[in-house]
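I am opening a notebook on a structure that is new to me. I shall write down what I looked up, one topic to an entry.

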Amino acid sequence: MKILGIDPGLRMTGYGLIEYRPLQPTQPHLLDGGVIRLKTNTSLADRLTELAAELNALLDESPPDICAVEQLYAHYKHPRTAILMGHARGVILQTAATRGIRIAEFAANRIKQSVTGHGHAPKAQMQRAVQVLFKLAEPPSPPDVADALAIAICCGQSLVGRRITHH
């Protein structure tokens with residue numbers, strides 16, 4: 001089963017593709033990870049169109065069984081950020097749904113808990129946890145990649161019903 005985790009952004013959208021194999025049902029295998037960098041000197045509509053095109057190209061290259069995203073949340077000090085992220089998230093959900101890809105959504109603290117064992121882990125801790133889990137030479141960078149992989153890992157854990165974290 002292939003799971004694509006996506007960390008939405010209007011400048012940079014992180015993605016991480018993992019796979020669970022039948023002989024190792026609780027151990028995720030890293031297939032791909034990176035970022036979609038959007039042009040920041042364009043309108044919101046143009047960036048969303050660019051995001052949809054880049055995401056479609058990514059899905060053409062390696063179609064997942066499930067697309068996992070973080071649930072939208074709003075911090076009372078930064079409501080505009082949540083609204084803007086909602087636009088990117090909407091494009092992601094719509095693109096996956098149009099292709100018939102199953103969508104899973106998870107709360108930010110659940111994602112952090114699933115990877116680090118702590119629901120309020122900082123970005124650096126998330127990067128280190130993902131690095132250890134996949135035995136990478138360095139933490140995934142930028143942090144958007146680690147966040148996307150963490151979303152995919154959280155989804156996988158919810159499906160296999162077992163914790164697979166490494167601290």
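**Entry 1: Val130**

I began with Val130, which I found in helix H4; helices (H or I, at least four residues) and strands (E, at least two) are DSSP runs, numbered from the N terminus. Before going on I noted that this is a predicted model, in which local features need pLDDT of at least 70 and side-chain atom pairs count only at pLDDT 80 or more, while totals for chains, interfaces and linings use all residues. I also noted that residues are numbered from 1 along each chain as its sequence is written, and that side-chain values use heavy atoms, with hydrogens and water left out.

Is Val130 buried or exposed? Val130 is buried, with a relative accessible area of 0%, where buried means under 20% relative accessible area, exposed over 50%, and partly exposed in between (1.4 Å probe, protein chains only). Leaving aside residues up to four places away in sequence, I listed what Val130 touches, including Val115, Leu136, Pro140, Ala146 and Leu149; contact means heavy atoms within 4.5 Å. From Val130 to Cys154 I read 11 Å in space, C-alpha to C-alpha, and 24 residues in sequence.

I then looked at the loop between H4 and H5, where Lys135 and Pro142 both have their place. Lys135 has a positive phi of about 55° although it is not a glycine, and at 72% relative accessibility Lys135 counts as exposed. Ser141 and Pro142 are joined by a cis peptide bond, with omega about 0°. I kept the general rule beside these entries: most residues other than glycine have a negative phi, and most peptide bonds are trans.

The expected span is 1.5 Å times one less than the number of residues. Helix H1 (residues 44–61) passes the check as well, since its 18 residues should span 26 Å and its end C-alpha atoms are 26 Å apart. Among the buried residues of H1 are Arg47, Leu48, Glu50 and Leu51, and what covers the buried residues of H1 includes strand E1 (2–7), strand E2 (12–21), strand E3 (24–37) and H2.

**Entry 2: the pocket lining**

Which helices each supply at least two residues of the lining of the largest pocket? I found helix H2 (79–98), helix H3 (108–116), helix H4 (123–133) and helix H5 (143–160), with H2 giving the most, 5 residues. The lining divides into 15 nonpolar, 5 polar and 9 charged residues, where Ala, Val, Leu, Ile, Met, Phe, Trp, Tyr, Cys and Pro count as nonpolar, Asp, Glu, Lys and Arg as charged, and the others, Gly among them, as polar.

**Entry 3: confidence**

Last, I looked up pLDDT, the predictor's confidence in each residue, from 0 to 100. The mean pLDDT of the protein is 91, and 94% of its residues reach 70 or more. Over residues 163–167, however, pLDDT stays under 50, and for these residues the model has 21 contacts beyond four places in sequence.
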